[in-house]
Amino acid sequence: MQEEPSLNSSRVASQTARNSLIGVAFFIFTLLAQFFYRRYFINTLGDDLLGLNGTLSSIINFLNIAELGLGTAIGFSLYKPLVERDKQTINEIISLQGWFYRIICLLIAGVSVVLLFFFPVILGNLLTISKIPLWYAYATFVVLLTSSLLGYIFNYRQILLFSDLQGYKVTVIMRGSVLGKLLLQVAAFLYFRGNPLHAYISWLLIEFLVSIVQTIWLELLIRKVYPWLKTKKSLGNQLRHKYPIILKKTGQLFFHKIAYFVVLMSTPLIIASVLETKNALYMVAVYQNYYVLFSAANGIVMAIYSAITPAIGNLRAAQSSQEYIERLFRSTLSLRILMAMTISLVILYFSKDLMLLWVGGDRYFTSTETLLFSIYCFLQLSRNTEAFTEAYGMFQDVWAPLVEAAILIAGCFGLGSIWGLSGIFGGMILSAATIVHLWKPFFLYHYGFGKSTWLYFRTWCGLVLLLGCIGVVLGWLKEILWGTITNFLSFILIGIGWLLLYLAVACILAYLILPDFRQATHFFAEKAKKLFFKKEEAPVEENSDLL
């Protein structure tokens, strides 16, 4: 097996670690604020209004499909010029991005204006049943849309920081401003506790003002880090002929973008459509409470793994060993399966207790719904191929996201009409299992690594079976010893104790039994040793603009 290439390897490792650690830290702080925020939102403004906001957010996310995946294509195109320190090419690529984003912004704004005229038709029945004034929907939509458009107009250049392994700087601004926003909104809910109208107006104002502050803050950062970056949007039409690869990759990514929306963002709309009853928005709000748990877990996983794509992109641009990158993939896969299984088991065994303590009432899933939701969470959290296919620019399987979306929609509506929410989760599981965990690994190994997919399935099946069996035994132990937990202190102590016990047993047995997990442990131990205990052999110049 070839050794890790030395070119910029120390920088890649240190920057990747920094991006991951800062991302996780800020996400955890934001997550804690999010829990308090949702509790006070529900107590002050109610479940139905929370469900309405979730539905409108889904509509905004759907409109963002117009971005077509251009940002990902731009990021892929920047790896090589960043490694080569080619400022002219970087300026041209970012200028092309700005030109495209201006068109996208106008398109989204135009569609949104038309859509506003149909709000009475789209949301009329739900608003009437929930007794929510129509202007609430208009005001919320405009504020959320404004925040989205600001990113297209001003902050699109942040992609350069991510591709240049400096994404942690964007994280500080984006997560920091969101954290401040949530704290201000909680304070407004407390201050206007007896006046829902004033509380909601305060929520809107804080949402709007923080998006402005966030935009200005990020713009100042870009100018400071890259003072030589001079974009000219007017050259976009000319530059698109110079960089046809960007248009090609964007066209392929469009289909993947649609699938991403359908898989992760459309569930509130599907629930509202399939369960079109008096409590439809209530069920959307209940789902969103659980989705907060998934988003929290996914956010932590992505904070750790989001730095991998630019890291792999930099290594490939530096012509690193293919064998080394495949070894890195299987090592990250082992770690990701461990994290995904641990999180999913915690949701399975502790989510009902948390809902009773957090939001109260009967806002929780049934046992069957919780099990299916946990399986779905595992399938989504353990998807490890995207970071590598993006770094390789492998988006040509445009049929795959269409099939994934078709399976999900057909499964959710078909099974949901029979078994309700459990059927919807069943459709989501079927979609993820078919494309994400069968096709995508084959696609990466066959067309990317040029190796047998058996290496992937050996790691995946072995870990899932072992970790799942351990989870069943310890879950049975949790129910016998503690049952339903009735206070937050007990929940925290028991939850942490169970989590540590599971991780200890799982890691020890996996290390002893599974060679792939043992290799992954050695791999990351080796990286940590090099990162923290050895000096760089070829340090980067201190005055380097890019590196």
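**View 1. Cys377 and Cys105, two buried cysteines of the predicted model.** Cys377 has a relative accessible area of 0% and is therefore buried (buried is under 20% relative accessible area, exposed over 50%, partly exposed in between, with a 1.4 Å probe and protein chains only). Cys105, at a relative accessible area of 10%, is buried too. Zero disulfides turn up in a search of the whole structure, a disulfide being a pair of cysteine sulfur atoms within 2.5 Å.

In this predicted model, local features need pLDDT of at least 70 and side-chain atom pairs count only at pLDDT 80 or more, while totals for chains, interfaces and linings use all residues. Residues are numbered from 1 along each chain as its sequence is written, and side-chain values use heavy atoms, with hydrogens and water left out.

View 2. Leu415 is partly exposed, because its relative accessible area is 28%. Beyond residues up to four places away in sequence, Leu415 touches Ala410, Gly420, Gly423, Gly426 and Gly427 (contact means heavy atoms within 4.5 Å). Between the C-alpha atoms of Leu415 and Gly427, twelve residues apart along the chain, the separation is 6.7 Å.

**View 3. Helix 22, residues 488-513.** The 26 residues of helix 22 reach 37 Å from first C-alpha to last, close to the 38 Å expected at 1.5 Å a residue; the expected span is 1.5 Å times one less than the number of residues. Its buried residues are Phe491, Ile494, Gly495, Trp498, Tyr502, Ala506 and Ala510. At the start of helix 22, the backbone nitrogen of Leu489 has a side-chain oxygen of Asn487 within 3.3 Å.

Terms used: Helix = DSSP H or I, 4+ residues; strand = E, 2+ residues; numbered from the N terminus. Polar contact = N/O pair within 3.5 Å; in protein donor to acceptor, adjacent residues only side chain to side chain.
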